[in-house]
Protein chains: 4
Amino acid sequence: RRPLTLFGGMNVLESRELAIEVADAWQQATTALGMPWVFKASFDKANRSSIHSFRGPGLEKGLAILDEIKSRFGVPVLSDVHEPGQARAVAEVCDVIQLPAFLGRQTDLVVAMAQTGAVLNLKKPQFIAPHEMRHIVRKCEEAGNDRLLLCERGTSFGYNNLVVDMLAFGEMKRSGYPLLFDVTHALQQPGGRSDSAGGRRRQVLELARAGVATGLAGLFVEAHPDPDSALCDGPCALPLGRLHAFLEQLKMLDAVVKNLASIDID
Amino acid sequence: RRPLTLFGGMNVLESRELAIEVADAWQQATTALGMPWVFKASFDKANRSSIHSFRGPGLEKGLAILDEIKSRFGVPVLSDVHEPGQARAVAEVCDVIQLPAFLGRQTDLVVAMAQTGAVLNLKKPQFIAPHEMRHIVRKCEEAGNDRLLLCERGTSFGYNNLVVDMLAFGEMKRSGYPLLFDVTHALQQPGGRSDSAGGRRRQVLELARAGVATGLAGLFVEAHPDPDSALCDGPCALPLGRLHAFLEQLKMLDAVVKNLASIDID
Amino acid sequence: RRPLTLFGGMNVLESRELAIEVADAWQQATTALGMPWVFKASFDKANRSSIHSFRGPGLEKGLAILDEIKSRFGVPVLSDVHEPGQARAVAEVCDVIQLPAFLGRQTDLVVAMAQTGAVLNLKKPQFIAPHEMRHIVRKCEEAGNDRLLLCERGTSFGYNNLVVDMLAFGEMKRSGYPLLFDVTHALQQPGGRSDSAGGRRRQVLELARAGVATGLAGLFVEAHPDPDSALCDGPCALPLGRLHAFLEQLKMLDAVVKNLASIDID
Amino acid sequence: RRPLTLFGGMNVLESRELAIEVADAWQQATTALGMPWVFKASFDKANRSSIHSFRGPGLEKGLAILDEIKSRFGVPVLSDVHEPGQARAVAEVCDVIQLPAFLGRQTDLVVAMAQTGAVLNLKKPQFIAPHEMRHIVRKCEEAGNDRLLLCERGTSFGYNNLVVDMLAFGEMKRSGYPLLFDVTHALQQPGGRSDSAGGRRRQVLELARAGVATGLAGLFVEAHPDPDSALCDGPCALPLGRLHAFLEQLKMLDAVVKNLASIDID
């Protein structure tokens with residue numbers, strides 16, 4: 001029943017300057033609203049549709065930027081890990097390290113990440129049922145790490161579409177671990193553009209509201225000052241200029257929801 | 001931005017006595033909470049999985065019960081129509097007549113219902129995309145009826161499962177017509193039991209909350225004093241004893257949501 | 001292991017002349033190839049997307065055309081039934097009467113059709129699992145009719161798409177009833193055009209081959225002399241000019257397949 | 001129009017002895033039937049559901065077994081690669097190296113594999129549309145490798161199920177690259193057992209027939225002398241004792257199909 005934590009930031013570290021701009025906007029909004037916040041950014045987009053797409057600054061430069069943001073803003077930071085060999089380095093800088101959805105079944109990666117002792121954000125792969133998350137959870141636990149977060153980001157629904165099954169939220173919560181909802185990736189239309197994914201950012205608020213109303217531990221959101229010129233997943237990104245208004249609504253909604261009694265229905 | 005209207009009642013008219021019991025509970029709860037309410041019950045379940053399943057009292061006796069409830073409780077009533085020839089008779093008693101989801105593509109039924117002039121509740125078939133609802137809407141309009149409600153009740157997702165696509169809500173709202181959410185049918189697991197559908201009534205509250213948080217015109221809910229002994233769709237029914245607590249939460253949530261500003265995201 | 005029976009004809013009875021033209025082409029091809037054939041045409045398309053779409057000549061005129069074709073070509077005929085009240089009239093002319101997929105759950109229609117004693121072609125609804133066909137079968141049996149055919153025509157797969165699950169064929173065959181495959185409707189893209197369904201007729205041969213290779217009792221095919229000007233489902237129709245070549249291949253394939261031994265794999 | 005090539009072997013290299021037993025059975029059957037054959041086995045199952053599941057002998061020992069099989073039986077061999085760093089070592093032994101379906105979007109892996117110059121077998125991820133395979137193809141081409149095979153192995157269909165969309169075959173063939181069909185993995189029921197995937201091996205023959213009838217370059221099949229005691233994917237495996245009968249049918253079917261004329265349908 002703790003208030004909603006934001007895992008908020010940007011998709012990929014387009015540049016040090018942009019990262020600072022985005023982090024600054026997040027800090028202002030979350031400070032003003034008194035919402036707990038973890039900064040999120042990727043140093044590498046390892047699974048772009050096209051070989052020509054921008055991937056990011058890479059591990060070393062990316063971690064340097066994240067480290068700077070961490071100390072400059074005094075905020076915990078999160079980034080995703082793509083290979084077992086990256087886990088330790090990322091965990092040295094990042095407070096939360098994230099398992100990408102497509103890689104959710106790769107045992108070596110899961111174990112390497114778990115063994116760092118960092119908090120793990122486990123994205124639910126688009127191709128598994130919610131009850132199958134327990135397999136990934138058990139791998140982490142057996143590797144000695146129970147500092148776990150589960151994160152929904154949409155499930156394959158026919159071709160080129162994702163759907164968020166709100167009934168899956170309850171099933172994942174029964175694991176006992178905090179549940180996050182990655183609302184911006186859930187807006188993706190995979191393969192929806194000629195060489196990258198499309199998105200439905202106009203609907204970000206209604207989808208976020210729906211998720212928050214079920215009672216979430218955290219909301220995962222990517223923002224960009226100019227989504228149309230973003231180098232990755234712009235069609236899903238929240239415009240940075242709308243961040244404060246967006247968060248304000250969800251904070252209020254979360255407070256209302258977390259105050260509601262549970263009703264025993266059997 | 002009008003407050004949430006409840007389309008609430010029971011699945012099938014098991015008996016006159018039970019209908020009165022259920023309507024009485026709905027009236028007490030909605031009066032106490034000051035929520036607009038339309039009583040819903042079916043006189044015939046025309047598409048049960050098994051030929052041996054209970055279907056209801058039939059058109060004549062069913063309408064008599066609905067008529068009694070209407071005058072006894074002073075409440076508008078809703079029932080569903082299964083054949084073009086039933087439309088006029090049902091519309092003489094019922095204020096809202098409902099197009100069943102499986103029958104959403106049957107032109108003669110749609111037109112016959114539209115021509116009664118009654119308010120129509122159009123259930124979205126499980127097998128169509130939200131943007132296809134405009135075809136059904138247009139049939140009604142061209143038959144001279146624009147007193148329409150659209151109603152989501154879940155979409156086919158693989159075998160024996162339904163999913164509620166909250167992004168579809170926005171798409172249906174763009175029609176300009178009020179959007180309802182049939183939360184109890186959305187809990188169905190079609191073909192999930194040996195001779196009937198299963199359900200997930202334990203999750204009714206979280207799914208209702210998610211829907212209401214997106215900003216709905218109405219919520220459609222079926223309740224039963226003892227869901228395990230209900231003659232149809234018990235696995236989805238809200239226990240009548242939880243009705244007040246259930247509605248109280250959703251009323252509060254709806255009030256919060258309807259007060260939120262819209263945020264222009266393009 | 002009997003050779004493949006063709007349920008072949010046209011989508012809707014656009015006119016008496018066209019029906020005769022199509023039946024003539026079917027008769028020539030099936031006679032030349034020695035393939036059993038039942039003529040199929042609809043007198044009414046009761047579930048068109050748009051109210052303005054062509055629906056057909058209606059019951060009376062349609063049955064007159066079917067009756068003429070039946071005697072002129074000496075061929076059994078099949079048509080679909082949309083309301084319980086039509087069943088007897090259709091069964092007086094047609095040797096096989098067909099349950100539309102969208103209406104597969106309507107008990108009154110199923111029972112009325114079963115009670116005619118005609119052979120029933122039961123289309124699998126797009127929204128049910130193959131094992132649920134047993135409910136429809138049981139309704140027919142309990143209404144005294146076991147002259148049943150099951151017919152696959154694709155299953156909802158996300159929005160605006162159908163998929164044919166070839167593993168469902170085996171499950172339906174275990175019912176003991178002959179299995180047909182409606183290959184042309186399986187090519188539909190529901191809601192794929194602005195006011196009607198799209199289709200993938202270029203792929204009709206490969207999909208038919210795949211189905212026939214599993215060992216089918218019958219193949220259901222709609223053809224048209226000029227699919228682009230067909231009044232319904234043209235995007236799915238086999239061009240009549242390709243009929244002989246199409247059937248010739250499938251006959252050969254069927255003969256090969258029906259000669260193969262079954263292999264016991266447990 | 002070349003005859004069907006078999007990519008046949010076993011799931012994981014359970015032991016050197018078993019690998020030789022399986023390869024021996026494959027060689028006998030394919031030699032007797034005169035069918036081209038590539039031996040397939042995995043040295044590591046890197047994405048098992050459970051951390052306790054058997055994974056295989058690992059890279060070094062596994063490649064040693066594959067090398068022995070290659071020289072002993074004079075057969076090209078195929079294995080899958082899970083990390084960029086493995087690509088070169090695997091390509092030194094294997095004639096064909098395989099991109100796992102879950103990893104189909106990992107650019108570094110794709111590029112590292114392409115740069116070996118080996119023939120690549122690209123499994124279609126369960127979560128992408130057939131037309132999206134062109135992105136993976138283009139990555140390979142731009143990394144200088146156009147010795148590509150595409151391989152269908154089923155698409156996510158709701159929870160815990162896969163479906164093979166035979167219409168996707170035609171779309172993938174239009175790439176111009178040979179199309180394989182991994183029939184045994186397509187039988188998987190992901191998450192279908194308490195700690196691993198289920199399967200439908202009883203239906204392997206009918207599904208293989210359907211695929212072959214569409215005209216395939218190759219068929220991918222895993223077999224095991226005793227599927228119930230297999231250490232991975234036993235529920236999908238073809239019993240080795242049925243191998244000859246299974247292949248004999250598909251060879252005959254393939255010969256018939258490859259002799260059929262194409263029919264121009266537009």
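These legends describe close-up views of a predicted model.

**View 1. The contact between chain B and chain D.** Four residues of chain B and four residues of chain D make up this contact. Together the two chains bury about 350 Å², and carbon and sulfur atoms account for 76% of that area.

**View 2. The chain B side of the contact with chain D.** Phe157(B), Gly158(B) and Tyr159(B) provide 87% of the area that chain B buries against chain D. By residue class, the side of chain B that touches chain D has two nonpolar residues, two polar residues and no charged ones.

**View 3. Helices α1 and α2 of chain C.** Helix α1(C) spans residues 16-33 and helix α2(C) spans residues 59-73. The two helices pack at an angle of about 35 degrees, and their axes lie 10 Å apart. The crossing of α1(C) and α2(C) is right-handed.

**View 4. Residues between α1(C) and α2(C).** From α1(C), the contact draws on Arg16(C), Ala19(C), Ile20(C), Ala23(C), Asp24(C) and Gln27(C). From α2(C) come Ile65(C), Glu68(C), Ile69(C), Arg72(C) and Phe73(C). Sorted by class, the residues of this contact are six nonpolar, one polar and four charged.

Methods: Residues numbered from 1 in each chain as written. Chains lettered and ligands numbered in written order. Predicted model: local features only at pLDDT ≥ 70, side-chain atom pairs only at ≥ 80, totals over all residues. Heavy atoms only, no water. Contact = heavy atoms within 4.5 Å. Buried area = accessible area lost by both parts, 1.4 Å probe. Nonpolar A, V, L, I, M, F, W, Y, C, P; charged D, E, K, R; others polar. Axes fitted to C-alpha atoms, helices over the stretch in contact; angles between N-to-C directions. Helix = DSSP H or I, 4+ residues; strand = E, 2+ residues; numbered from the N terminus. Left-handed = near helix turned anticlockwise from the far one by under 90°.
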